[in-house]
Amino acid sequence: MSDSGGVRTRLEWLGLRDDDMDDSALLLLTLAQAVGALGGLGGLAHLGGPEGGLRLAAVSGVPTGIARLWDELSSTSSVAPARAVALGEVVWSDHWPSTVEGRRPAGVVSAPLTSSDGTPIGALSILLDGPPEDAARQALRAFAAAASARLPKVHHWRSGATPWWQQPGGASRRRMMREVSVGLWRWDLTSGLLDFDEITEGLIRLAGLDAGTWDRHISGWMARIHPDDRPGVEAAIQRSFEDGRPFAVVYRVLDRQGQVSWLELRAAFERTDEGPAQMVGTAWNVSAQQQQDAWLVGLLERHPDPVYVHAADDRAEWSNAAANRLAARTGVEITGRVPWEEIPQLRGQGLPELLDRVRSVPDSDSSTTVRVQWSGDRTSWYAVRAVDVGGLVATQWSDITAQTEAEQAAARRSRQLEALNDALIRAVDTSDVVAAVEHHVLPMVGADGLVVYSLTGPAPRLAGITGHSAGFLDAMEAVAWPERLEATALAAGPQFISSVTELGRQWPHLLPLATLGGRQAWAVTPLIVGEQTVGSAVYTWREPRNFTPDDRALLGTVGVVIAHALRAAAAYEEAQRRAEHLQQELLPGPLPHLPGLASAVRYRSDATGVGGHWYDVVPLPGGRVLLAVGDVTAGPDETVAMGILRQSVLTMASQDLPPDELLAHVGDVAQRLGTRLGGAAVTATCLLAHYDPTLGVCTLASAGHAPPVLLSPGRPPEPVRMPVGEPLGAARVPAEATTLPLPPGTLLLLHTSGLLHGSDGAVQPLIDAVARHQAASPPIEATRGDARAQWLERLCDTVTDDLPGALPEMALLTVVTDRLPQGHVRQWTLPHDPESAGQARDLISDALADWGLPDLADATTLIVSELVGNTVRHAGGLPGDTIQVRLLNIGDGGGGEDADDAGGGAVCEVYDGSKATPQVRHPSFEEEFGRGLLLVALSAQSWGTRYTHAGKCIWATVASPDA
């Protein structure tokens, strides 16, 4: 821009001395010259106001209606004057304080007016039709600098610290007020009369008063104030009267026809020594602004979303109807309060930062999302959008609960499907599959009932049912399969029944079943893998349900993964059934309940359900027991080899052979196995322990097997010191037997190689596990009955918890030995003659009576009579020979000192010095003798013969009639 506009000349005119010029005249002259130089449409001059904002001080070439829009500006406003003062530089902006009807200038360029120390005290603004060039900006800066330099010289300073531009002016102030239609008035408190200027006179007519005829008394004016606004005006006047502070109020006045006009009143009391003398103030017709504000407020008032307007302290000063409805529904009122102080849930959700963000960038907007749990209501989600409007921040709360819940539901469903898939991958058997469906699918679709059938067998099999009664299950099973919904789904595809009415139209015969089950909606999905139908799933709801396409697609997807899991579970269960059958055939069942012995076992096999490790507890006559553990390695045939060797031990045990002799015979079997199993090498070890509770003696023999761990009362655990022979089938010399006396309460822990998991295969880790359990438990010898059984179970857990997963096969057999109480054993030595049979009957009868077992007397006395008589007749005794008779009470099974003596059974034993084997004869009716052992066999629960070093023992077990 050149000096064609005469900028230099115009600036020189501003510098000419004029003694009559005041601040208003100076600003008007500066505006006129600046508008001319820049080619503007008009000009505005603002000075700092009492409240820290900007007040219009001079207007040049601007219509009054537009000038009023610029009368008061917030210091935080985004319009050019406010920003020029805030930034201290020339600013161009197209923002206006309010909407302007019709065509308006493109924008405003403003330069700051400054004090002598450079502090911005106001702004000089020119309205332009387009953005200014750099030369225009420089010119406006020069005009502002010239005006800033002259302002102190044309004003008479007053005392006090208040800046001069915030002090009320004289004639210049009146001229400025006339230009912006602000009237002055005064109320004399003594007379009650009002004085006013010509501007205020025009405002009086708005209240239906005639300045020529009105008595100008304050009561007449107060009577024209709208009844709804009058209390507020009176209260504002009273507060100012009491505290002496200025006040401002906007209120309505009514003319004679009831027409409403809006006035803005600003005033303060002037005081004398006696107190307030008069009130002086201004009046301004703000009807147009109020109408525009009312239109804007109405627009916001009818906005469907809650809208709040926040002050600088974040309080919500205003709210629309939607916000009020929200407050009424939730019982939480935000208006007049800081939102996150009234609703603590909002803390930490970004609302304060949102308001600060839009305040920092004027005329900007921003948004965030918040979550609120209203009292007694569901959780609601809002997208909160904030915008700065002239220093105030408006927030709009858009309810996005439905959208958010839909997004969350989709994400939750995705997570649920992943969780279901993970659960089905981990599922092992059918019950695991059904549990996964119940835990994951039912909540996913909101169902409360489930019926799953497996079709992997020869007939449909109920795999699981949830949410239905036993009566419903019985009624459902009574309906033939072809008439069921499952059969329809398998033939025609998934079935979705939304109501009982729909069910009745298609399947009326199922209505009684539906009534019994209390359900009103059903979804039936076939479970198919490829061409194989593996099952069906029926989901039920207590209320009618409209199945959406999403529901149908979801259940279809779920059905596919369930079908694959169900087929895998069925295959696993079939393998388990085969393994269990094999295990039942090859391994012992529950441990027997034996006198003088408590036991517990842990067995872990390979994936087939049984491997080469085995154990057994074999009851022997006379309350004795044979304990056995073994380990077989024979390649793929080790299970077969294990079964053969175990059965060999059982067979040999029935012969009542000593452990070392028994191992020799089993070794022969193992040797032959090597040639019978396809030439595979068979390596087998075995440990046998024979325990007699009447003597408290244990005899052990090992064929290549690790010795057991021994825990004697009062001593730490240690391995039994005994010779270990060659493995089964490899020994040329029979294994050497070791006999140990075992005090009552002694623990024996027999194990296989799976538990020898030290770095060198040593037994020390096993001993350490026993020691840990011993230290954490009461002494085993102090326990009885269930407490002892639990002690052993916990010991097994302690040992096997340390078993590494890489060694899956093992057998662990733990026993605690006790003695049969002395009172449970009766023994007599009788002469080798026929009269001893009668004597034996009497002794047996008395002993059984002492034990409280009289119901065993008939059978037992018959048996002992026949056995003693048979010995006298056939054992070939010499004069002076004797017969040993022993009676054992084994009925209590526990063998403890405090055990109950009543009930159970007894063992009768007759010893002689002959090795001859007794034979049961089958005499004819005419024969007089030969029926003795036949009677024994018929009267005893079991009977037999075992050989001793001095001869033999014929024994018979007699059970209680209750048993």
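User: Is Arg624 buried or exposed?
Analyst: This is a predicted model. In it, Arg624 is buried, with a relative accessible area of 5%.

User: Which residue does Arg624 form a salt bridge with?
Analyst: Its partner is Asp656, and the closest N and O atoms are 2.6 Å apart. The pair links distant parts of the chain, 32 residues apart. Arg624 sits in the loop between β23 and β24, while Asp656 sits in the loop between α21 and α22.

User: And Asp656, buried or exposed?
Analyst: Asp656 counts as buried, at 12% relative accessibility. The cut-off for buried is under 20%.

User: Why would two such side chains pair at all?
Analyst: Side chains of opposite charge can pair when their charged atoms come close.

User: How many salt bridges are there?
Analyst: The count comes to 29 salt bridges. One of them is between Asp195 and Arg216, at 2.9 Å from N to O. Asp195 belongs to strand β8 and Arg216 to the loop between α7 and α8, 21 residues apart.

User: How exposed are Asp195 and Arg216?
Analyst: Asp195 is partly exposed at 33% relative accessibility. Arg216 is partly exposed too, with a relative accessible area of 29%.

User: Which residues are linked in a network of salt bridges?
Analyst: Arg55, Asp71, Glu72, Glu264 and Arg266 are linked that way.

User: What about Asp797, what does it form a salt bridge with?
Analyst: Asp797 pairs with Arg602, the closest N and O atoms being 2.9 Å apart. Asp797 is in helix α24 and Arg602 in strand β22, 195 residues apart. Asp797 is partly exposed, with a relative accessible area of 34%.

User: Where does α24 lie?
Analyst: Helix α24 lies across β22, β27, β30 and β31, and runs at about 30° to β22. Those strands are part of an open sheet of five strands, in the order β22-β31-β30-β27-β28, with antiparallel pairing.

User: Which strands stand at the edges?
Analyst: β22 and β28 do; each has a single partner strand, so one side of each is left without a neighbour in the sheet.

User: How many bridges join β27 to β30?
Analyst: Three bridges join them, and the two strands run antiparallel. Val709 stands opposite Leu749 in β30.

User: Changing topic: how many aromatic pairs does the structure hold?
Analyst: It holds nine aromatic pairs. One of them is Phe496 with Phe547, a tilted pair, 5.4 Å centre to centre with 55° between the planes. Phe496 lies in strand β19 and Phe547 in the loop between β21 and α20, so the pair ties together parts that are 51 residues apart in sequence.

User: Are Phe496 and Phe547 buried or exposed?
Analyst: Phe496 is buried, with a relative accessible area of 12%. Phe547 is buried at 5% relative accessibility. Phe547 also forms an edge-to-face pair with Trp541, 5.2 Å centre to centre and 75° between the planes. Trp541 counts as buried, at 5% relative accessibility.

User: Which residues do ring pairs link into a cluster?
Analyst: Tyr308, Tyr382 and Trp397.

User: Last one, Ser536. Where is it, and what does it touch?
Analyst: Ser536 is in strand β21, and counts as buried at 1% relative accessibility. Leaving out residues up to four places away in sequence, the residues Ser536 touches include Val451, Tyr453, Trp481 and Glu486.

Notes. Residues numbered from 1 in each chain as written. Predicted model: local features only at pLDDT ≥ 70, side-chain atom pairs only at ≥ 80, totals over all residues. Heavy atoms only, no water. Salt bridge = Lys/Arg side-chain N within 4 Å of Asp/Glu carboxyl O. Helix = DSSP H or I, 4+ residues; strand = E, 2+ residues; numbered from the N terminus. Buried < 20%, exposed > 50% of the residue type's maximum accessible area, 1.4 Å probe, protein only. Pairing = 2+ DSSP bridges. Contact = heavy atoms within 4.5 Å. Axes fitted to C-alpha atoms, helices over the stretch in contact; angles between N-to-C directions. Phe/Tyr/Trp six-rings, centres within 6.5 Å; stacked < 30°, edge-to-face > 60°.
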